[in-house]
Amino acid sequence: KNVNEKANCFGFVLGASTYDRQWPPENFAKLGDLIFKNNKNAKIYLLGTKQEEILAEKFFSHASPNPNYINLTGKTSLKELGELID
């Protein structure tokens, strides 16, 4: 990816090591909507483990529909994730 493409990419890690360190999915949804309002070319990747797929579902129940949300929650290995963010 070139520099401009990377500048328009964001990763939301929906889970955390403990519940009290986790930001609510509805807050991520509000942030995503704000990013798209200010940057129509943005891409937002939702990241997390298979066990955190429920957080992605909650996220999408609050977020405005947008094809530039890419849900990778529970769908990537650590190696694949590393290649994605490289």
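I started at the surface, where Trp-23, Leu-31 and Leu-34 form a nonpolar patch with about 270 Å² of accessible area together. Such patches take residues with over 30% relative accessible area and no salt bridge, and nonpolar side chains are joined within 5 Å. A salt bridge puts a side-chain nitrogen of Lys or Arg within 4 Å of a carboxyl oxygen of Asp or Glu. Areas come from the Shrake-Rupley method with a 1.4 Å probe.

I noted that this is a predicted model, where local features need pLDDT of at least 70, side-chain atom pairs count only at pLDDT 80 or more, and totals for chains, interfaces and linings use all residues. Residues are numbered from 1 along each chain as its sequence is written, and side-chain values use heavy atoms, with hydrogens and water left out.

I placed Leu-34 in helix 2. Leu-34 is partly exposed at 47% relative accessible area; buried is under 20%, exposed over 50%, partly exposed in between.

Next I looked up the largest nonpolar core, which has 14 residues, with Phe-12, Ile-44 and Phe-59 among those with the most contacts inside it. A core joins buried Ala, Val, Leu, Ile, Met, Phe, Trp, Tyr and Cys residues through side-chain atoms within 4.5 Å. Helix 2 gives the largest share, 4 residues.

I checked Ile-44: beyond four places in sequence, its contacts include Phe-10, Ile-35 and Tyr-69. Contact means heavy atoms within 4.5 Å.

Last, I read the chain as α-β-α-β-α-β-α, with 4 helices and 3 strands. These are DSSP runs, helices (H or I) of at least four residues and strands (E) of at least two, numbered from the N terminus.

Definitions and conventions: Buried < 20%, exposed > 50% of the residue type's maximum accessible area, 1.4 Å probe, protein only. Patch = residues over 30% accessible without salt bridge, like charges linked within 9 Å, V, L, I, M, F, W, Y side chains within 5 Å.
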